[in-house]
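Tutor: Let's go through this model together. For each name we use, we will set the value against the definition.

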Amino acid sequence: MALSRFKEKESPVAEPVRFRKILVVGDAMLDQYWFGDASRISPEAPVPVVRIARKEERLGGAANVARNIAALGGEASLLTVVGRDEAGEHLAKLLEAARVRPLLHFDPRLETTVKLRIIARQQQMLRVDFENLPHEEILLAHLGTYERELPGHAAVLLSDYGKGGLSHIKRMIELARAMGKPVLVDPKGSDYSRYEGASIITPNRAELAQVVGAWNSEDELTDKAQGLRTKLGLKALLLTRSEEGMTLFTERGRFSVPAQAREVYDVSGAGDTVIAVLASLMAAGVPLEKSVQVANRAGGIVVGKLGTATVSFQELFPKGVIE
């Protein structure tokens, strides 16, 4: 079966990816990269001295998820809270450049989350985070905008980075499911009860182990993952396993795909790419197992790039169709 990006609408599976609207909600951040050279050790302490030669800013967190959807050819709206500060202004400009529709709530008391990475000789030397939590009155307005925007989107993607932007996530899931919208969640933390009723969650190995405990065999992993999926009323749980690929757990059983054989350059933002591709294809009507296979391939491509990066439709499908 093939899905043409340019084909006219004939069936849910043949609908073009670029025409599906996805509402991304969550914790957006600004990723800053300072590139330089480290050729000497500081006389003040046994640490390298990095002489900065170039600076770069990219979208991070939920903003990177939305950027990945747009890069693939989908239509992404980003609902998030940012500070009324320089970083918030830069984030808004980057969203415009990435063709992401911004639904921004500005909190004058919030400092926009910034992750500053200092890189020398192709290695990350240091990361510095700047962040605090949005205020409740802003988050209530946030929820109101979500309710208004929800009917116009084919799917909802909730990107939880634990920065406070999804304090009303239970209500968001309830509203979306009541309208029959698929809800994908990139989870965080140890309390997964807040994701109850979602369509699919996409934890990595460390995140899942934090919730269900460690496992010593594939059978034990299956029992723990399926138990959690059933408890939360999920349609599916997709476990991302780094060099072991991915495993999808549904009521029909488990479905595994091996990792793509690629050199790993930088894993930051790979989870954003995986869930963005998954949401784009699911919203277009591509079957879940096929969507997982393509998302796995996208993750294999993006880890070969520096920093938070994207995958284009052409990179994923050189022939122009989903086969």
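Student: Which residue in S7 is the bridge partner of Asp-31?

Tutor: Lys-115 is the bridge partner of Asp-31 in S7. Before we go on, note that this is a predicted model, where local features need pLDDT of at least 70, side-chain atom pairs count only at pLDDT 80 or more, and totals for chains, interfaces and linings use all residues. Residues are numbered from 1 along each chain as its sequence is written, and side-chain values use heavy atoms, with hydrogens and water left out.

Student: What makes S3 and S7 a pair of strands?

Tutor: Labels first: strands (E, at least two residues) and helices (H or I, at least four) are DSSP runs numbered from the N terminus. Two strands pair if DSSP finds at least two bridges between them. S3 and strand S7 (residues 114–120) have 7 bridges, so they count as paired. Their pairing is in the parallel sense.

Student: How do you know that S3 also pairs with S4?

Tutor: We use the bridges again: 13 of them join strand S3 (residues 28–41) to strand S4 (residues 48–61), and these two run antiparallel. One example is Arg-40, whose bridge partner in S4 is Val-49. S3 and S4 form a hairpin, with 6 residues between them.

Student: Why is the pairing of the sheet S4-S3-S7-S8 called mixed?

Tutor: Strands of a sheet can pair either parallel or antiparallel. In this open sheet of 4 strands, the pairing is mixed: S3 and S7 are parallel, while S7 and S8 run antiparallel, joined by 7 bridges. Within S8, Arg-127 is the bridge partner of Arg-117.

Student: Why are S4 and S8 called edge strands?

Tutor: S4 and strand S8 (123–130) each have a single partner strand, so one side of each has no neighbour in the sheet. On average, neighbouring strands of this sheet are turned by 20° against each other, direction ignored. Helix H1 (residues 62–72) packs on the sheet and touches S3 and S4, and its direction makes about 65° with that of S4.

Student: Which strands are at the edges of the open sheet of 9 strands?

Tutor: The order in that sheet is S6-S5-S2-S9-S10-S11-S12-S13-S14, with mixed pairing. The edge strands are S6 (101–107) and S14 (253–257), each pairing on one side only. Strand S5 (residues 75–83) runs parallel to S6, with 7 bridges joining them. Val-81 has His-105 as its bridge partner in S6.

Student: Why is H7 called roughly antiparallel to H8?

Tutor: Angles run from 0 to 180 degrees between N-to-C directions, with axes fitted to C-alpha atoms, for helices over the stretch in contact. Under 35 degrees counts as roughly parallel, over 145 as roughly antiparallel, 65 to 115 as roughly perpendicular, and the rest as oblique. Helix H7 (residues 270–283) and helix H8 (residues 288–302) cross at roughly 150°, their axes coming within 8 Å. H7 and H8 are therefore roughly antiparallel.

Student: Which residues make the contact of H7 with H8?

Tutor: Contact means heavy atoms within 4.5 Å. Among the residues making it are Val-274 and Leu-281 of H7 and Leu-288 and Ala-295 of H8. By class, there are 12 nonpolar, 3 polar and no charged residues. Here Ala, Val, Leu, Ile, Met, Phe, Trp, Tyr, Cys and Pro count as nonpolar, Asp, Glu, Lys and Arg as charged, and the others, Gly among them, as polar.

Student: Why is H1 called oblique to H7?

Tutor: H1 and H7 pack at an angle of about 50°, with axes 8 Å apart. That value makes H1 oblique to H7. The contact includes Ile-69 and Leu-72 of H1 and Ala-276 and Val-277 of H7. By class, this contact has 6 nonpolar, 4 polar and 1 charged residues.

Student: What makes H3 roughly parallel to H4?

Tutor: Helix H3 (residues 136–149) and helix H4 (residues 169–178) cross at roughly 10°, and their axes come within 11 Å. This angle makes H3 roughly parallel to H4. Tyr-146 of H3 and Met-172 of H4 are among the residues in contact.

Student: How many residues of the protein reach a pLDDT of 70 or more, as a percentage?

Tutor: 89% of its residues do, and the mean pLDDT is 89; pLDDT is the predictor's confidence in each residue, from 0 to 100. Over residues 1–18, the pLDDT is below 50. Where pLDDT is low, the predicted coordinates should not be read in detail.
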